[in-house]
Amino acid sequence: MGPQLQNSAPEKVPAGRNATAEKLLDAASELMIQRSSIEISLSDIAQKSGANAALVKYHFGNKDGLLLALLARDAATEVANLDYLLAQPLAPTAKLKLHISGIIRAYHRFPYMNRLIHYLLHESSAEAADEVSKFFVAPLLDFHRRLIEEGVAKGEFRAVDPVLFYTSLIGACDHLFFGRHAMSRAIGVGPVTDDVCRQYIAHMEALICGGILKRANGE
């Protein structure tokens with residue numbers, strides 16, 4: 001069973017939150033990492049944070065408002081770095097590798113991120129879906145489009161669909177963590193350690209660059 005749906009639309013949370021609000025967000029994040037699931041209750045969050053569950057409504061409107069604020073907080077650094085990375089005097093291939101590394105490390109730090117995105121896009125309110133599209137999906141898609149255009153213009157990349165590229169990279173990041181539990185049961189692989197994360201970054205760089213970079217014959 002998925003997370004319980006909320007009847008009221010989550011309220012948009014102001015950027016400047018107080019210490020109690022941050023404790024609630026930290027508690028939700030830690031619980032989802034510990035459980036490898038986004039199925040957490042208000043009472044779970046309250047117990048973990050040491051705050052009253054009623055404060056969730058006070059600070060965020062409802063649980064979906066808290067989850068939306070958590071995703072916005074977790075994604076903020078990576079999204080804010082997109083324009084900065086694109087503006088750097090680097091080759092498109094170097095920018096692509098830095099982006100792959102940054103995305104994978106973000107998922108390593110917040111392994112629940114993509115499940116939270118799916119929930120807020122498809123199982124919460126229309127308002128929540130609009131917010132997620134605005135602060136996460138749209139900036140990433142636009143960055144991928146602009147980076148691919150730059151790489152094509154400079155003769156480094158083949159022309160590829162940015163939507164398919166987004167699907168490949170973001171889906172691969174999520175599955176490293178979400179699919180790890182299934183693989184653990186099947187073949188006994190261990191958790192995603194820092195070393196596994198580094199190996200996966202190298203693997204995804206080789207995989208994606210192998211598919212997008214132009215070959216010597218121009219293909």
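I count a residue as buried when its relative accessible area is under 20%, as exposed when over 50%, and as partly exposed in between, with a 1.4 Å probe and protein chains only.

I am working with a predicted model, where local features need pLDDT of at least 70, side-chain atom pairs count only at pLDDT 80 or more, and totals for chains, interfaces and linings use all residues. Residues are numbered from 1 along each chain as its sequence is written, and side-chain values use heavy atoms, with hydrogens and water left out.

**Overall.** I looked up the secondary structure and found ten helices and zero strands. Helices here are DSSP runs of H or I with at least four residues, strands are E runs of at least two, and both are numbered from the N terminus. Of the protein's 219 residues, 45% are buried. I then checked contacts (heavy atoms within 4.5 Å). Of those between residues at least 6 apart in sequence, 72% join residues at least 24 apart.

**Helix H5.** Which residues of H5 are buried? My list reads Pro-92, Thr-93, Lys-95, Leu-96, His-99, Ile-100, Ser-101, Gly-102, Ile-103, Ile-104, Ala-106 and Tyr-107. I also checked the length: at 1.5 Å a residue, the 18 residues of H5 should span 26 Å, and the end C-alpha atoms are 26 Å apart, which agrees. The expected span is 1.5 Å times one less than the number of residues.

**H5 against H10.** The axes of H5 (residues 92-109) and H10 (residues 194-212) come within 9 Å and cross at roughly 140 degrees. That makes H5 oblique to H10. Axes are lines fitted to C-alpha atoms, for helices over the stretch in contact, and angles run from 0 to 180 degrees between N-to-C directions. Under 35 degrees is roughly parallel, over 145 roughly antiparallel, 65 to 115 roughly perpendicular, and the rest oblique. On the H5 side I noted Leu-96, Ile-100 and Ile-104 among the contact residues, and on the H10 side Tyr-200, Ile-201 and Met-204 are included. By class, this contact has ten nonpolar, two polar and five charged residues. I take Ala, Val, Leu, Ile, Met, Phe, Trp, Tyr, Cys and Pro as nonpolar, Asp, Glu, Lys and Arg as charged, and the others, Gly among them, as polar.

**H1 against H2.** H1 (residues 19-35) and H2 (residues 42-49) pack at about 110 degrees, with their axes 8 Å apart. That makes H1 roughly perpendicular to H2.

**Helix H6.** H6 (residues 113-122) is mostly covered, with seven of its ten residues buried.
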